[in-house]
Amino acid sequence: MKRILSGIQPTGAIHIGNYLGAIKNWVTFQTQSETLFCVVDLHALTTGYPGAAEMQNNVRTMVACYIACGIDPKKSSVFAQSDVPGHCQLSWILGCITPLGWLNRMTQFKDKAGKNKENASLGLYGYPVLMAADILLYQATHVPVGADQKQHLELARDIATAFNREVGEDFFIIPEPFIQGVATRVMSLRDGADKMSKSDPSDYSRILLTDDMDVIAQKIRKAKTDSEPIPDTVEGLADRPEAQNLIQIMASLEETEVADVLARYAGESFSLFKQAMIETLHSTILPIGQKMQEILAAKDYVDQVLKDGAERANDISQKTVQQVYQLIGLRK
Ligand code: AQP
């Protein structure tokens, strides 16, 4: 049976890039596989401590978001990374066999550290090792993520292979990335060359799952496009990153193909298309935001979900940690 694991950082309100690139796909695995979905709060520290109250609040909000998007805690284990000590234990061990050269190639570190590399934290630099530990700790077979995480997933596979070589046995399962759908890399609404991201300084770059009707409409109306009409072929979107982004978002929301969207809107202006997109966003996103509010109001329920999820996650992960300790001769 497949074991699926994925997670999102509780670093702020979640956007449709996280939803279409990750969570929406997670939901489909719940019936055929064992599924574990983590709120990766330790990763959220890599860009600084947000403050204790905000951190607690962000974790609960993310749990509410997972459930509102269709993750069923009766089918999936939903837990916070910091409730499971195995993540840190394994991360250290894996860090000791990860060459600096591998980490130096990680483009996300370069993007996030920017010109201020000397002031970036060791945590931010080591982020991909902790991510490898997150996955290998559960012997996950598949990891559904957006395209931006492909390089980190490849590193996790390299680290697993290096560990197996060191101990002389195929201990870790080599996890497969699962990058699926038509919106694996949702771009900023302000610039089709940049990824839609929680940390983009412009609120107009992203649609949040908690945005209200008016805000969604405003953001889409202001979204950058070009002056050409909508083309009638997929090839016609080449070199038109903003146009391509909006069409892909629409296809993903409607669970259809880019070609189907083009067949309906070919020759039309973007102002007409944007109106249709606003309506589609209203019908898909607004119910998620409303459900999140309802779930958050039931604080005990959210805490119980986290408790149950952590119990299951600790059961699996402590077995892995014990086996790893034995394999390399550490004392338990
Ligand atoms: N723009 C995106 N398009 C498709 N998938 C995306 N993901 C993130 N942005 C996009 C996917 O969402 C999951 C969780 O990501 P994360 O929050 O843990 O880290 P991130 O990739 O760094 O996300 P952000 O939104 O860009 O946050 P910040 O600004 O804090 O860095 C992953 O599966 C990711 O692929």
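User: Which polar backbone atom lies 2.8 Å from a nitrogen atom of the ligand?

Analyst: A polar contact is a pair of N or O atoms within 3.5 Å; within protein, one must be able to donate a hydrogen and the other to accept it, and residues adjacent in sequence count only if both atoms are side-chain atoms. Here the backbone atom belongs to Val186. Side chains also take part: an N or O atom of Asp148 is 2.5 Å from a ligand oxygen, and a polar atom of Ser197 is 2.6 Å from an oxygen atom of the ligand. The protein covers 96% of the 640 Å² of accessible area that the ligand has on its own (Shrake-Rupley method, 1.4 Å probe). This is a predicted model, in which local features need pLDDT of at least 70, side-chain atom pairs count only at pLDDT 80 or more, and totals for chains, interfaces and linings use all residues. Residues are numbered from 1 along each chain as its sequence is written, and side-chain values use heavy atoms, with hydrogens and water left out.

User: Which residues come nearest to the ligand?

Analyst: A residue counts as near if one of its heavy atoms lies within 4 Å. There are 23 such residues around the ligand, and His15, Lys112, Asp148, Lys198 and Ser199 come nearest. By class, this shell has five nonpolar, 13 polar and five charged residues, with Asp, Glu, Lys and Arg as charged, Ala, Val, Leu, Ile, Met, Phe, Trp, Tyr, Cys and Pro as nonpolar, and the others, Gly among them, as polar.

User: Which element gives the most to the shell around the ligand?

Analyst: Helices (H or I, at least four residues) and strands (E, at least two) are DSSP runs, numbered from the N terminus. The element in question is α1, with four residues.

User: How many cavities of 30 Å³ or more are there?

Analyst: Rolling a probe the size of a water molecule over the atoms shows where empty space is left. On a 1 Å grid over the protein atoms alone, a cavity is a set of points where a 1.4 Å probe fits but cannot get out; lining residues have an atom within 4 Å of a point. Grid points are joined across faces, edges and corners, and a volume is the space filled by probe spheres set on the points. The count is two. The largest cavity holds about 40 Å³, and its lining consists of Gln108, Phe109, Lys112, Leu124, Tyr127, Pro128 and His152.

Technical notes
On a 1 Å grid over the protein atoms alone, a cavity is a set of points where a 1.4 Å probe fits but cannot get out, and a pocket is an open set with protein on both sides within 12 Å along at least five of seven lines; lining residues have an atom within 4 Å of a point.
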